[in-house]
Amino acid sequence: DLSNLEAASKMVLEAGADVLHLDVMDGAFVPNISFGFPVIESLRKNLPDAYLDVHMMVAEPEKWVEVVAKAVGAAEGKRAQYTFHIEATDNPKAIIEAIRATGMRVGVGIKPNTTIAEIEEIIPLVDTVLVMTVEPGFGGQSFMGPGHATNDVLPKVLDVRTRFGDKDIEVDGGLSAATIVEAAGAGANMIVAGSSVFKGDPKETIVSLRAGVLKYGLGKTDEQINEIL
Ligand code: ZN
């Protein structure tokens, strides 16, 4: 409920979410508009300790690094990540440097039809690779994994996990207790979930997503998982 963002955010953080993922959309890079920096700034005031993961689905992502850094409180040491899309820039290295200079973590995102070859040169420079598992722009879409009609993006996740083992790999779109098995199995460890968390029991969903990463991604036994959870 975007008119009650603070309460919804607190609810999912209390339910066990590690990170609050904020989808900023500009109506140009994606065919939808969500919210902008004053909203993030207000949210930060009310959630001083939350790790804010700002997913910039915008054209010209280099324009907003300073603005987002200020909104999230990067200079005060507040935890945040700035994720830009490779499709939106010709100079990813300059953006990465600008983000680093603010103290925020750096993420690079790719849409479903973008290949790893287009980012492999810069992967060593970032903290997180975000692989979109739906076309960005709208919530509630179905997951582009094995069995999807047009595109299975999980081989890209596996490729990054195999060649760049220390990176966080974030998957975004259609993640649920059902699709976590394949996503975590391919190597995703940062799981963005909207619909499945807010439409079901948030705590139950978050526990099942975390258990999925531990089991199918890290090979933990059920006994070890019960101890961790
Ligand atoms: Zn997102």
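**Ring contacts and helix packing in a predicted model**

In this predicted model, the charged end of Lys111 is placed over the ring of Phe29, at 4.8 Å from the centre of that ring. Here a charge meets an aromatic ring; the next case brings two rings together.

How many aromatic pairs does a search of the whole structure find? The search returns one. Its members are Phe37 and Trp64, whose ring centres lie 5.2 Å apart and whose planes make an angle of 35 degrees. With planes under 30 degrees apart counting as stacked and over 60 as edge-to-face, the pair of Phe37 and Trp64 is tilted. Phe37 belongs to helix H2, while Trp64 sits in the loop between strand S2 (52-57) and H3, so the pair ties together parts that are 27 residues apart in sequence. Are the two partners buried or partly exposed? Phe37 has a relative accessible area of 14% and is therefore buried, because buried means under 20%. Trp64, at 28% relative accessibility, counts as partly exposed.

Phe37 also takes part in the packing of two helices. Helix H2 (residues 37-46) packs with helix H3 (residues 65-72) at an angle of about 25 degrees, and their axes are 8 Å apart. This angle makes H2 roughly parallel to H3, because angles under 35 degrees count as roughly parallel. Which residues of H2 meet H3? On the H2 side they are Phe37, Ile40, Glu41 and Arg44, and on the H3 side Val67, Val68, Lys70, Ala71 and Val72. Sorted by class, this contact of H2 with H3 holds six nonpolar and three charged residues, with no polar ones.

The loop between S2 and H3, which holds Trp64, also contains Glu60. Most residues other than glycine have a negative phi. Glu60, however, has a positive phi, near 50 degrees, and is not a glycine. With a relative accessibility of 41%, Glu60 counts as partly exposed.

A last stop is helix H4 (residues 92-102), where Glu97 is found. Is Glu97 buried or exposed? Its relative accessibility is 60%, so Glu97 counts as exposed. Glu97 and Val126 are separated by 29 residues in sequence, and in space their C-alpha atoms are 9.8 Å apart.

Definitions and conventions: Residues are numbered from 1 along each chain as its sequence is written. This is a predicted model: local features need pLDDT of at least 70, side-chain atom pairs count only at pLDDT 80 or more; totals for chains, interfaces and linings use all residues. Side-chain values use heavy atoms; hydrogens and water are left out. Axes are lines fitted to C-alpha atoms, for helices over the stretch in contact, and angles run from 0 to 180 degrees between N-to-C directions. Helices (H or I, at least four residues) and strands (E, at least two) are DSSP runs, numbered from the N terminus. Angles under 35 degrees count as roughly parallel, over 145 as roughly antiparallel, 65 to 115 as roughly perpendicular and the rest as oblique. Contact means heavy atoms within 4.5 Å. Ala, Val, Leu, Ile, Met, Phe, Trp, Tyr, Cys and Pro count as nonpolar, Asp, Glu, Lys and Arg as charged, and the others, Gly among them, as polar. Rings of Phe, Tyr and Trp (its six-membered ring) pair if their centres lie within 6.5 Å; planes under 30 degrees apart count as stacked, over 60 as edge-to-face and the rest as tilted. Buried means under 20% relative accessible area, exposed over 50%, partly exposed in between (1.4 Å probe, protein chains only). A charge sits over a ring if NZ of Lys or CZ of Arg is within 6 Å of the ring centre and within 35 degrees of the ring normal.
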